[in-house]
Amino acid sequence: MKWVLLAILLLTVLVLIILFTKVKIFLDYFHGNDNDHFKVTIKAWGGLIKFKIEVPVVKIDDNSPTIIAEQKVKSGPDENMKQQKTTQVDKKDLLDSLHDFKQLITHIAGFHKIIRLFLKKVTIRNIEWHTMVGVSDAAATGVITGAFWAVKGGVIGLLSNYMKMKEMPVMTITPSFQQTVSITSFKCMIQVRVGHAILAGIKLVKYWRGGWPEFKSKPLSALSGDNSNSV
């Protein structure tokens with residue numbers, strides 16, 4: 001009987017530790033003309049649990065009207081478990097994804113309210129957003145620079161309205177009057193408790209209406225086909 005009570009106690013403590021565990025999500029996006037790269041790093045327990053996804057997106061296939069995206073997944077404290085996938089996305093896949101998004105919106109009642117309540121418990125910090133833009137015309141570059149400042153201000157305002165923003169973001173926009181250029185880098189860290197994420201997931205399932213939607217998109221494994229390989 002004592003062993004059963006001890007096991008229950010240990011299980012309860014383990015569940016509480018998991019629920020109160022803070023997960024840090026590091027987002028790193030870079031766009032430089034035709035070169036795009038997106039990296040997501042997830043850490044918990046001081047880096048003991050670490051998961052990284054690298055997506056060098058997006059390039060156009062020279063032999064067909066499709067988009068090629070490469071995905072690299074690394075896990076473990078030393079990132080010694082690696083997997084690389086290459087996905088080829090055509091016009092039909094993009095249309096199917098839009099269809100699936102619409103299905104999600106129409107099948108979930110109270111979606112916005114649940115997400116808003118969840119995001120209020122999410123902390124975002126260390127925002128760095130740097131941009132260099134130019135179109136080889138001084139007047140047009142000035143107008144575009146002003147538009148970019150307006151967009152950045154709107155995005156940061158939206159983030160601060162929905163999430164807890166601990167410090168002011170670091171943002172710069174450098175106009176280039178001599179050449180056509182488009183370079184953007186965005187970094188931030190998002191922190192959330194596992195228990196809050198689980199609670200939000202339970203609420204989403206509770207408010208699901210009309211049965212499960214009919215998804216058309218193929219899973220990533222089907223899209224990648226024979227191009228998937230482990231490293």
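Are Trp-129 and Phe-186 buried or exposed? Trp-129 is buried, and Phe-186 is buried too. The views below come from a predicted model, and they start with the chain as a whole before moving in.

**View 1. The whole chain at a glance.** Welcome to a predicted protein chain with 6 helices and 11 strands. Of its 231 residues, 29% count as buried. The chain exposes about 15100 Å², and carbon and sulfur atoms supply 65% of that area. Among contacts with a separation of 6 or more, 63% link residues 24 or more positions apart.

**View 2. Strand 10 and its two partners.**

**View 3. Gln-191 and the residues around it.** Gln-191 has its place in strand 10. Its relative accessibility is 15%, and because the cut-off for buried is under 20%, Gln-191 counts as buried. Leaving aside residues up to four places away in sequence, Gln-191 touches Lys-22, Val-23, Lys-24, Lys-121, Val-122 and Thr-123.

**View 4. The largest nonpolar core.** This core has 14 residues, and those with the most contacts inside it are Phe-118, Leu-119, Val-122, Ile-124, Ile-127, Met-163 and Cys-188. At least two core residues come from each of helix 3 (111–119), strand 7 (123–135), helix 4 (138–162) and strand 10 (180–193). Strand 10 gives the largest share, with 4 residues. Take a moment with Ile-127: not counting residues up to four places away in sequence, Ile-127 touches Ile-156, Leu-159, Met-165, Pro-169, Val-170, Phe-186, Lys-187 and Cys-188.

View 5. As the opening answer said, Trp-129 and Phe-186 are buried.

**View 6. Charged side chains over rings.** Two spots are worth a visit here. Lys-43 lies over the face of Phe-26, at 5.3 Å from the ring centre. Arg-116 lies over the face of Tyr-162, at 4.7 Å from the ring centre.

Methods. Residues numbered from 1 in each chain as written. Predicted model: local features only at pLDDT ≥ 70, side-chain atom pairs only at ≥ 80, totals over all residues. Heavy atoms only, no water. Core = buried A, V, L, I, M, F, W, Y, C linked by side-chain atoms within 4.5 Å. Buried < 20%, exposed > 50% of the residue type's maximum accessible area, 1.4 Å probe, protein only. Contact = heavy atoms within 4.5 Å. Areas by Shrake-Rupley, 256 points an atom, 1.4 Å probe, with all protein chains shown as cover. Lys NZ or Arg CZ within 6 Å of the ring centre and 35° of its normal.
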